[in-house]
Amino acid sequence: MNTNVATMKGKTADVEKDASMRKQKEMMAAHYDRLTAVPQTGEKVCSTFVPGNLNELIGCFDLLNNLPEVNAIQNGLRRTSGQYVLEAEKIGHSEDVCTYVKSDIGMIAKGNIAPNGKPFPNPDVLLLSYTGCFTFMKWFELLREQYQCETIMLHTPYMGDGKITPNMIQYMVKQLREEVIPKLERVSGVKFDIDRLRERLARSAQAEENLVHVLQSARRRPSPIDAYFGGIYYIGPIFGAFRGTEDAIQYYRFLREEIDARVAAGTGPITPEGDMGPEKYRLVVEGPPNYTNFRQFWKMFYDEGAVVVASSYTKVGGVYDLGFRHDPQRPLETLAEYCLGVYTNRSLPMRIEMLSNYIEEYGADGLLINSIKSCNSFSAGQLLMMREIEKRTGKPAAFIESDLVDPRYFSAANIKNRLESYFQMVEQRRAGARSAA
Ligand code: SF4
């Protein structure tokens, strides 16, 4: 179901949304209300990051999670991040610093107001599970200075050799047992109960199964989903505050049914202007999106009939489509394996292999890289990845540049030009293949 009756492109003022997108928005809004009600409810808050988040464990201690990069995204979508980034630069943070960080620091400096207009509570604990991006560590050092609260770090070894060894898992389980759990017990005043953790992990696995079903529906033609722009809505609950909860199970069941209905009807994704129309190009996208001009950015794709069938960004909070599920039988080991496997902790050769496989598996026309100016973790090596993936798959690749939440680095004309040239290149390849055949 859509919010509008009229679905012709360019004819509606309102934004079209799937029922699942509206449901997702309600869930996020409810979470923000719960967070900002902490002064009244007395609940305790744990700040943590999306990649490698230990949501099931946090829930065992009745802690509410607050995710700074999700807050930065919300500020980007609401177009408030620009002023926060400038504020952080005024305080002394360089232009090159990740703009999620600057949006967060600027927001704190300007009153720390949540998307619902109420002040965020101070965190009781900062839990950093370090998964590949050094910025996370520096970011929490700043927050520790700000809040002077308990700080916990779970170190995840980088997957430099492309595999998870038993030693890596033991090393992480030891940290969970000896550092993370005792400190969470102390902050929360709640005793750790491993059976409670098992229950949450079992719930996570159910939701993960349905998310994978949805993501893999993009193998069909036409793809019923956009796995980048639409995908960002789909990952919201499971990458955010809801993994391990009954709400997440219900949401992903609901989403699966919605996508299955679209498959049965043979229709493509819903865009903000209604049905996408005929599918002309199928792309795999590497890199995060731009949030300050999210709709304008998406429009450049659907206006051309381009759908994203797989993306690396929808794997930052877990690479479930490669088979990983949280396993209640091995509660601490599974948390370690989850952290080890997230996209930000994967080496360049692993990323190249994953994206090359996506191009084959999803029948894509090629690869598009959105290189983010201030995200070193994603941007490092992207040109090399592009060349290698082109070589392996024989499919054309293109490179565009923007930023996460800094509106100064979104140049619509440049991106549109590059995309148009790229689609022409795809057409030429197709024409070449036809004449060769
Ligand atoms: S992965 Fe990129 S966007 Fe995320 S914190 Fe690191 S530098 Fe910032």
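In what order do the four strands of the open sheet that contains β2 and β4 stand, and is the pairing parallel or antiparallel? The points below take up this question and then turn to the rest of the predicted model.

1. **The sheet of β1 to β4.** The order is β2-β1-β3-β4, an open sheet of four strands with parallel pairing. The edges are taken by β2 (63-66) and β4 (150-155); each has a single partner strand, so one side of each is left without a neighbour in the sheet. From one strand to the next, the twist averages 25°.

2. **Pairing of β1 with β3, and the helix on this sheet.** Strand β1, residues 44-48, pairs with strand β3, residues 125-130, in the parallel sense over three bridges. Within β3, V125 is the residue that stands opposite C46. Helix α8 (residues 166-188) packs on the sheet, where it touches β1, β2, β3 and β4. The direction of α8 makes about 160° with that of β4.

3. **The sheet of β7 to β10.** A further open sheet is formed by four strands in the order β8-β7-β9-β10, and its pairing is parallel. The edge strands here are β8 (306-311) and β10 (397-402), each of which pairs on one side only. Neighbouring strands of this sheet are turned against each other by 35° on average, direction ignored. Strand β9 (residues 366-372) is joined to β10 over six bridges in the parallel sense.

4. **Helices lying across β7 to β10.** Two helices may be described together at this point. Helix α16 (residues 382-393) lies across β7 (281-286), β9 and β10, and runs at about 180° to β9. Helix α17 (residues 412-436) lies across β7, β8, β9 and β10, with a direction at about 170° to β10.

5. **Surroundings of the ligand.** Which residues surround the ligand? They are E69, C98, Y100, C133, T135, F136, T344, C375, N376, S377, F378 and L404. The elements that give two or more residues to this shell are α7 (134-147) and α15 (376-379). Of the elements, α15 gives the most, with three residues. By class, the shell divides into seven nonpolar residues, four polar residues and one charged residue.

6. **Packing of α4 against α6.** Helix α4 (residues 68-77) and helix α6 (residues 99-109) have axes that come within 9 Å and cross at roughly 85°. The two helices are therefore roughly perpendicular to each other. From α4, the contact is made by P68, E69, N71, A72 and N75, and from α6 by Y100, S103, D104 and M107. These contact residues divide into four nonpolar, three polar and two charged.

7. **Packing of α9 against α11.** Helix α9 (residues 194-216) packs with helix α11 (residues 246-265) at an angle of about 20°, and their axes are 9 Å apart. That angle makes α9 roughly parallel to α11. The crossing in which α9 passes α11 is left-handed. On the side of α9, the contact is made by R203, Q206, A207, N210, L211, H213 and V214; on the side of α11, by E246, A248, I249, Y252, R253, L255, R256 and I259. The contact of α9 with α11 has eight nonpolar, three polar and four charged residues.

8. **Backbone features in two loops.** Most residues other than glycine have a negative phi, and most peptide bonds are trans. Against this background, two places in the backbone deserve mention. R221 and P222 are joined by a cis peptide bond, with omega of about -5°. P222 is found in the loop between α9 and α10 (229-239). R79 has a phi near 65°, a positive value in a residue other than glycine. The location of R79 is the loop between α4 and α5 (81-91).

Technical notes:
Residues are numbered from 1 along each chain as its sequence is written. This is a predicted model: local features need pLDDT of at least 70, side-chain atom pairs count only at pLDDT 80 or more; totals for chains, interfaces and linings use all residues. A residue is near a molecule or strand if its C-beta atom, placed from the backbone, lies within 6 Å of it. Ala, Val, Leu, Ile, Met, Phe, Trp, Tyr, Cys and Pro count as nonpolar, Asp, Glu, Lys and Arg as charged, and the others, Gly among them, as polar. Two strands pair if DSSP finds at least two bridges between them. Axes are lines fitted to C-alpha atoms, for helices over the stretch in contact, and angles run from 0 to 180 degrees between N-to-C directions. Two residues are in contact if their C-beta atoms, placed from the backbone, lie within 7 Å. Angles under 35 degrees count as roughly parallel, over 145 as roughly antiparallel, 65 to 115 as roughly perpendicular and the rest as oblique. A crossing is left-handed if the near helix is turned anticlockwise from the far one by less than a right angle, and right-handed if clockwise.
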